[in-house]
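Dear colleague,

I am passing the structure below on to you, and after it I have set out what was found. Please look at the model first and then read the notes beside it.

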Amino acid sequence: MHPLTTPAVTAPVASDVVMPLRLVLRAYAMETRVEALRVLRTPGLSVPFLLLPVPIYLFFGTILPGSEIAKNPALGSYLFCSWCVYAAMGPAMFGAGCTLAAEREAGVFRLRRALPSPPGAWLVAKTIVAMAFTALAVISIGVTARIVGATPLSLAQMLVIGLTMVAGAPAFCALGLFVGARASGSSAPAIINVIFLPMLWLSGLFFPLPGFLEKLVVIWPAFHLNQVAIGLAGVEGFSYVPPTVSAAVLVGMAVLFGGLAIRRLARHG
């Protein structure tokens, strides 16, 4: 056969290469490890998530309302759940959103997309790290609550609340990723703060709200995470929405904002 008529041999493209399951799992594990080390080496992210929840809970969750908790012990359980929600929101929203925005602005995310790693490994890694930080923060609050005797909750109830916070963290992680996929590295912290602070104080977690604001607590995901934890742990007197309804809201939020973030990154990087 003449050389000019010899059919060309094309090299396989990356999408045609199927990675063995062992290598896929190793890639996810390495991505998660690197993400955890990066967050731990960033004091502006790791210190607030790990050290601030305990002193804030001690002052605002035990000392300040001490007389009211003595009259109504269930209030101590409610405040414990509320501050656990706070501990879950921070790592998820700031840890995922701010780091993604910084990576995009520095061009790191575009480089990562060109590397031979499983699709979505970065998303799984950020979500797992956010859940791990949530677990550590909630454990620290739980140990503190047991030491000071601020809540009549049993260990089983506290475990249920802790697992609920960890399971609910991806919803807030998706919200942070949505912001990080659209904002710059310098503006992402400010934008997330604009969402985080109103959600924290207007979701009815810590004090009664005026009538017109009380009706709007259902729009905040923090309220629904608190309601799931309260309902599953059996904290009486503070359950206003069935846990299944609030859980559905959180799942819908995770799917919506996570999908929008992935769509934005796939189109614009």
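On the surface, Phe59, Phe60, Ile63 and Leu64 form a nonpolar patch with about 410 Å² of accessible area together. Such patches are made of residues with over 30% relative accessible area and no salt bridge, nonpolar side chains (Val, Leu, Ile, Met, Phe, Trp, Tyr) being joined within 5 Å and like charges within 9 Å; a salt bridge is a side-chain nitrogen of Lys or Arg within 4 Å of a carboxyl oxygen of Asp or Glu. Accessible areas come from the Shrake-Rupley method with a 1.4 Å probe, and for residues only the protein chains shown count as cover. Leu64 lies in the loop between helix H3 (53-63) and helix H4 (66-71), and with a relative accessible area of 56% Leu64 is exposed (over 50%, whereas buried means under 20% and partly exposed is in between, with a 1.4 Å probe and protein chains only).

Before going further, please note that this is a predicted model, in which local features need pLDDT of at least 70 and side-chain atom pairs count only at pLDDT 80 or more, while totals for chains, interfaces and linings use all residues. Residues are numbered from 1 along each chain as its sequence is written, and side-chain values use heavy atoms, with hydrogens and water left out.

As for the protein overall, there are 12 helices and 0 strands, where helices (H or I, at least four residues) and strands (E, at least two) are DSSP runs numbered from the N terminus. The C-alpha trace spans about 95 × 35 × 35 Å along its principal axes, and buried residues make up 43% of the 269 residues. Of the contacts (heavy atoms within 4.5 Å) with a separation of 6 or more, 76% are accounted for by residues 24 or more positions apart.

Pro221, found in helix H11 (residues 221-233), counts as buried at 10% relative accessibility, and, leaving aside neighbours within four places in sequence, Pro221 is in contact with Phe172, Met199, Leu250 and Met253. The C-alpha atoms of Pro221 and Met253 are separated by 8.0 Å, although these residues are 32 apart along the chain. Glu103, in helix H5 (residues 73-106), counts as buried at 8% relative accessibility; with neighbours within four places again left aside, Glu103 is in contact with Glu35, Arg38, Val108, Phe109, Arg112 and Lys126.
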